Amino acid sequence: MWKSWKFWTVWATLGGLIGLFAFGFTTDPKKVPSPLIGHEAPNFQLVNLWNGESVELSALRGKPVVLNFWASWCVECQQEAHILEAFHKRYGETVSPQVHVIGVAIQDKSEQAQAFARQFNKTYFLGLDNTNGDIALEYGIYGVPETFFIDPQGKIRFKQIGGVSAELMQEQVDEMLGQG
Amino acid sequence: MSDLGTIALMIALAACLYGTVVPHLGVRTNNWNLIRSAQNASIISFFLIAIASGVLIHALVISDFSIFYVWRNSSVDMPMFFKVTAFWGGLEGSLLFWILVQSFFAMVVAFRYQYSNREIIPYVIATLNGILCFLLVLLLGWSNPLDLQATIPAEGRGLNPLLQHIAMVVHPPSLYLGFIGFSVPFAFAIAGMIRGKLDNEWVLTTRRWTLVSWYFLSMGLILGGQWAYEELGWGGFWAWDPVENAAFMPWLTGTAFLHSVMIQEKRNMLKIWNVVLIIITYGLTIIGTFLTRSGVVNSVHSFTQSEIGPAFLVFLAVVLVVGFALLFRRIQMLESEHKMEAVLCRENAFLVQNVIFVGMAFTVLLGTTFPLLAEAIRGTKLSIQAPFFNTIMAPMGYVLFFLMGTGTVLAWRKSSKESLRRNFQNPMITATVGTIILAVFIPFHLEAFTIFWIAIFVTVTILIEVGKAAHVKGKQLQAGPLVGMIHVFQRNQRRYGGLVIHLGVVLMFLGFAGTFFSEERDLTLEREEMVPLNAYYLKFTGVEQFQVRNATHRAAVIEVYDQDKQLLEVMKPAKSFYPTQPQPLTEIALRREFLKDLYLIFSSESGADSELVTIKTYVNPLVGWAWMALPVFTLGIGICLTYRPRSLTSRQKVLRQQYIAAEG
């Protein structure tokens, strides 16, 4: 039996299959790398949710930008809301901001987005994507939340699908600020 | 209350452990009382698990949100029916449901076959209890639906509205019944291998379990497809998503098993193959569950992601390793006594069919796990989509479909040239003529017409087969062919029941063929304007808002007229808003006709008073026929189940009397 090819084929197949599944635990199938990484971040203009002021992404060159896509109806966005706000308090509200934090609400209504922002005391720049979802299309968003880390040269360094953690944001920004 | 349930489950685990270990001791010490105590343990564990299930259902009914599972899968506003069925609507609850059914089956088996399968029943009990132990450990350790949460919210999250659909209420339990049912033949095979008793008895004994499991698995798949078609609103019913594949793989090997055991029974061949098939089939049910719950592959179904994955993988490894280790130990005992006698015989048709079934299961497994493989070897992320599966599976499916017809007309052992010619000629001619006639009316499409040809061929072979037998029998009885047919069905229930099921398969294939003629169009409709579509005219009359159960629907009212502008139906494709859900859902409107479905989706509206709406329309020919397969399967299985192997029944009686006499 030990010499039979069937014997070894069966065990090799089983071993391979189970090994493969075990390997599956080490990766996240949802983390497909974005083709945008290493490329210039698509420029856009965003109107502030509150006062109608607008900002252009290209005008923020020279400082890293954290670009967060969110929606008021999204549960995971609620969970990451305080992390983003705390990060903004630390890096964005200083006299000369070290990092710009921008939130783009997609597939959302202005009143609901405002209610969400009030509920979580958001103070960073928030805007609403237009009804066509042009910005979301440019960035290849297929769910909320998704967060892009854009370096001072305007290149996308990293994309997070799903909620961010404080550690992850720290790590990415340290790297972009050259402290990593 | 929830503690009561959890404690009941813990005691049940102890009872199952007892039931796993004690039968071995009973056999070793030749003490039947020990084995009897293991039987009793299975009653106890079933009732304890039923108590835990009762606790969960009660909590769902009274909306006790202190239990996390209840909060997560139910809400106060949900109709009672969905509150109760939320028992199996979520991850943890469905595992408890699984365990409940598994323990019920274990109990039934422990008593039902205590006399007829005396030599192996202790090990069957042990195996089924072993499976239960594993499942209970998984549940108590990683996924207990009775777990409490610290704060008690006032309102629950609600069952996913997409799942609030009758097909989705029946679909999961029927899949589970199929999955769990295969554990019984698996346990018999394992027990037979442990005991070294590998005649045909396990195959005969578990025949009905196999049939019923197969039926429920088929039902689960069909209902799942129907649900996707009616609820997800993309016009199709099968997308080769890993979760669908998970249920499809055991169905493929289970179908192969269902056929190949007939060869073992009739010709004493393929014994090793059958054991392999049942191990693979049961293994695939576990792989399927693993894939859907571990989140190792990407799937559109959000029914994923839990911590249970690694534990499930251990369970899977144990099932496969134990199964194959025992097989190699007993492989000499399973060598066949007969060899194939000719190339063209039914055995060979079955064998080829079996190989294709397993090949298809392998293809699906490969496609489903390939993204993992690619990442492990090359480090690249990729996904395998429907075209891969369709390209490979469709030709194999057609060959199988064709074999279904040839298997009917080929004889066991050997077919003479003359009988081959006689049996094949008429069906082939009819199929060819029929297809040519169809080509006059329907635009030509190679794949669809291949299906049409085979469908006619198979149907004719079946009709001729039944007709001939009925005619002969009717003559014998000096009665009409109808009486003859009833007698034929009564005498050989399995064969003719099987043929009825084959007719159901024909319907399914015709349903698939219809998808090649599906027409998809986006229509922008202005109020009161008549727009032609296929053989209809559509007229949009306004937007309406109304309440359906716990949801608010906003619907476009579309009047459907025929060619003569006679009103056929008012259809209301809608978007539904659920209080607990942030996004609206699509509620399609469906008009079923014998030959086609008209399928409308409300995409968008514009204008201050909604003067314009955009409607996505599908005209899907024949799709409804695929669902018709289910009642036909039900009839066929019903006929098959009336059969009981005579040798087994009389032997059972004798054995029973002997044992009872011996035990006093």
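User: What makes the contact between the side chains of B:Glu559 and B:Lys539 a salt bridge?

Analyst: In this predicted model, the side chains of B:Glu559 and B:Lys539 come to 3.9 Å, N to O. The cut-off is a Lys or Arg side-chain nitrogen within 4 Å of an Asp or Glu carboxyl oxygen, so the term applies. The pair links distant parts of chain B, with B:Glu559 in strand E4 (residues 551-561) and B:Lys539 in strand E3 (residues 536-548), 20 residues apart. Both B:Glu559 and B:Lys539 are buried.

User: Which residues of chain B are joined into one network by salt bridges that share partners?

Analyst: The network consists of B:Glu520, B:Asp522 and B:Lys616. Over all chains, the structure holds 19 salt bridges.

User: Why is the pair A:Lys89 and A:Glu85 called a salt bridge?

Analyst: The N to O value for A:Lys89 and A:Glu85 is 3.1 Å, and the limit is within 4 Å, so the pair qualifies. Both residues lie in helix H2 (residues 75-91) of chain A, 4 residues apart, about one turn of the helix.

User: How do you know whether A:Lys89 and A:Glu85 are buried, partly exposed or exposed?

Analyst: A:Glu85 has a relative accessibility of 6%; buried means under 20%, so A:Glu85 is buried. A:Lys89 has a relative accessible area of 43%. Exposed requires over 50% and buried under 20%, so A:Lys89 is partly exposed.

User: What do A:Lys159 and A:Glu146 tie together?

Analyst: A:Lys159 forms a salt bridge with A:Glu146, their closest N and O atoms being 3.2 Å apart. A:Lys159 lies in strand E7 (residues 156-161) of chain A and A:Glu146 in strand E6 (residues 146-150) of chain A, so the pair ties together parts that are 13 residues apart in sequence. Both A:Lys159 and A:Glu146 are buried.

User: Why is H2(B) called roughly antiparallel to H5(B)?

Analyst: The axes of helix H2 (residues 32-61) and helix H5 (residues 91-112) of chain B cross at roughly 155 degrees and come within 9 Å. Angles over 145 degrees count as roughly antiparallel, so the description holds for H2(B) and H5(B). Their crossing is left-handed.

User: Which residues of H2(B) and H5(B) meet, and what are their classes?

Analyst: Among those in H2(B) are B:Ile43, B:Phe46, B:Ile49 and B:Leu56, and the residues they meet in H5(B) include B:Leu96, B:Ile99, B:Leu100 and B:Phe104. By class, the contact of H2(B) with H5(B) has 14 nonpolar, 6 polar and no charged residues.

User: What makes B:Pro427 count as buried?

Analyst: B:Pro427 has a relative accessible area of 1%, and the buried class is under 20%, so B:Pro427 belongs to that class. B:Pro427 lies in helix H16 (residues 417-441) of chain B. Leaving aside neighbours within four places in sequence, B:Pro427 is in contact with B:Phe457, B:Val460, B:Thr461 and B:Ile464. The C-alpha atoms of B:Pro427 and B:Leu91, 336 residues apart along the chain, are separated by 49 Å.

Conventions
Residues numbered from 1 in each chain as written. Chains lettered and ligands numbered in written order. Predicted model: local features only at pLDDT ≥ 70, side-chain atom pairs only at ≥ 80, totals over all residues. Heavy atoms only, no water. Helix = DSSP H or I, 4+ residues; strand = E, 2+ residues; numbered from the N terminus. Buried < 20%, exposed > 50% of the residue type's maximum accessible area, 1.4 Å probe, protein only. Axes fitted to C-alpha atoms, helices over the stretch in contact; angles between N-to-C directions. Parallel < 35°, antiparallel > 145°, perpendicular 65-115°, else oblique. Left-handed = near helix turned anticlockwise from the far one by under 90°. Contact = heavy atoms within 4.5 Å. Nonpolar A, V, L, I, M, F, W, Y, C, P; charged D, E, K, R; others polar.
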